[in-house]
Amino acid sequence: MNDNPASEFEDWLIEGPAGKWPEPWEGKELSVEQKAIVERNAKLLLGKRGHWDNKVERFIRHIIGAEFRVPDEVKRWKRIASHARTYCIRFDGFDFGKNADRTIDLRGYTFPCSVSFIDTVFADNEVNFSEASFRGGDVSFDRMRATGGNIAFENAQFANGDVFFDSAEFEDCDICFDFAHFDCGALIFQNAKFVTELLGFDSTNFFDSRVVFGGASFTSPSEEFSRINFCNSTFGKQEIDFRTASFEHCWLNFSGVKLDTGGMAFTPLNLISTEVDFTDLSCLGNFVVSGSFPRNTSFRRLSVGGSAIFHQCEFEKIPDFRDAKFERPPEVAGMQVPLPAMERHGIISLAANDDDVAKYRKLKAMAIAASDHERDGYFFAREMAAKRGIEKTDRFELAIDSIYAVLSFYGQSIKRPICGFGISLFGFSLVYSFILLSALPLGNSPSFAFYYSLRNTFPFVNTLFRFAPEPTDENYKSWFQAALDRVYEQSPAAYEIIDFVAFFQQLIGIVLLFLLLLGLRNKFKMQ
């Protein structure tokens, strides 16, 4: 290998005549010599296509000699990358936007060693890296800034190194990686910022690359949803990581994605006005999802071979897990889903959407498979509500269902029956007071009515009190018994009415007691 500083490849040497280049995290300014190298590299890149191709060919011949024509392209590029470790083509800090020609056409270009676009600027440029080959080492677009124009990496190939877009900024431009190949160690978009209407990774093959979007933010520059597409993409044995990413006004599409054993961690920090589609996603590894989902979220025909974890997910729209398959019981502890949308029909509310029943039924089945009794009851109650007007149409059945829902939320509530006892106690007290105004002095009526209501509110409690016998000696009578006798003496009709009302109050008490015991059973998982 010829490392003579006078050679034509000295501008590409990592430890060349310009000295050590600053690392991306150091934030140091380039030296005068380094800036000059960047200018020469950019001039070559933006010049005639033939000049670049000829130099690349001479470079490859220079570093691997007779092995230049190894027929197996994959092996040849691995050999090239191993020999080119001491080289890196630098465009650090170059402002491509200052060129008069706003179209930068690098379609099919080959970058034979590591390449650095750190801190580069593409302002209003249409940049085309389609079918470009980055297979000679690491590729860094750290902190690059693209505004106004679109950037295409369609069918580009990345291999034999890592690819970095750390803290890159894409503003008001579309980015396309459709059909690209990332046979690299890692693809890092850590803390990248996307203000775009389209970020496309359709049918992209990530092989066994580790893919990280941790801390990245995605927003739309307009009223239209930002489309972030991974449709039909393939991932390998490394995890795809969306931890602490943020999405606002986006449509995030993972439909048809195939994940090998690496799995996915989709645990964004924020999902604001964002729809997420995991339809037909297949994952052999672990599938971890958490966060607050404000719009439609589809998991239809999802297939997970590892652990499926939806712990503490909050959905403002009912998630669709219909036909999803799990090799292991999914974890749904703490999952929050809304009540079904209802429409008013007179005094009765009916479910508005036909398919809500099947959605809740699938969620309930997932909870049962995981032996999560609490979530089972939680989803059961919502399924019952979703059946109103869909599977339940009889008026009498709907009336009973309404009472069941109001008094105990389908057996899942303890508070509602207790509140029912309180309403019964004080409500019937007022009823008795009104009836007895003509039979008892005003001062005694409220206290008697409350006590009488108390004895009839709770089933079987009345048997603990003694109503009879009625001795002839007034000193042996309780104040309540004396008041009751007085009601009968002064107004037999009022006595008959309160006795009849008490019968209904006791029936209500029996129902409330049953619902309270049912709620306790469901709450504490008693059999």
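The legends below describe views of a predicted model.

Residues are numbered from 1 along each chain as its sequence is written, and side-chain values use heavy atoms, with hydrogens and water left out. Local features need pLDDT of at least 70 and side-chain atom pairs count only at pLDDT 80 or more, whereas totals for chains, interfaces and linings use all residues.

View 1. Helices (H or I, at least four residues) and strands (E, at least two) are DSSP runs numbered from the N terminus. The C-alpha trace spans about 130 × 40 × 40 Å along its principal axes. Of the 527 residues, 49% count as buried, meaning under 20% relative accessible area with a 1.4 Å probe and protein chains only.

**View 2. The open sheet E3-E7-E11-E15.** Its four strands pair in parallel; a pair requires at least two DSSP bridges. Strands E3 (110–111) and E15 (181–183) are the edge strands, each pairing on one side only. Two bridges join E3 to E7 (residues 133–134), and Phe 111 stands opposite Phe 134 in E7.

**View 3. The largest nonpolar core, with 110 residues.** Such a core is a set of buried Ala, Val, Leu, Ile, Met, Phe, Trp, Tyr and Cys residues joined through side-chain atoms within 4.5 Å. Phe 165, Phe 230, Phe 254, Phe 266, Phe 287 and Phe 310 touch the most other members. Elements supplying at least two residues each include helix H1 (32–46), strand E25 (250–253) and helix H4 (356–369). The largest share, six residues, comes from H2.

**View 4. The surroundings of Phe 310.** Leaving aside neighbours within four places in sequence, the contacts of Phe 310 (heavy atoms within 4.5 Å) include Phe 287, Val 289, Phe 299, Leu 302, Glu 331 and Met 366.

**View 5. Helix H8 (residues 445–457) and the second core.** H8 has 13 residues and reaches 18 Å from its first C-alpha to its last, close to the 18 Å expected at 1.5 Å a residue; the expected span is 1.5 Å times one less than the number of residues. Among its buried residues are Phe 448, Ala 449, Tyr 452 and Arg 455. Ala 449 also belongs to a second, separate core of 15 residues, which includes Leu 484, Ile 498 and Ala 502.

Terms used:
Buried < 20%, exposed > 50% of the residue type's maximum accessible area, 1.4 Å probe, protein only.
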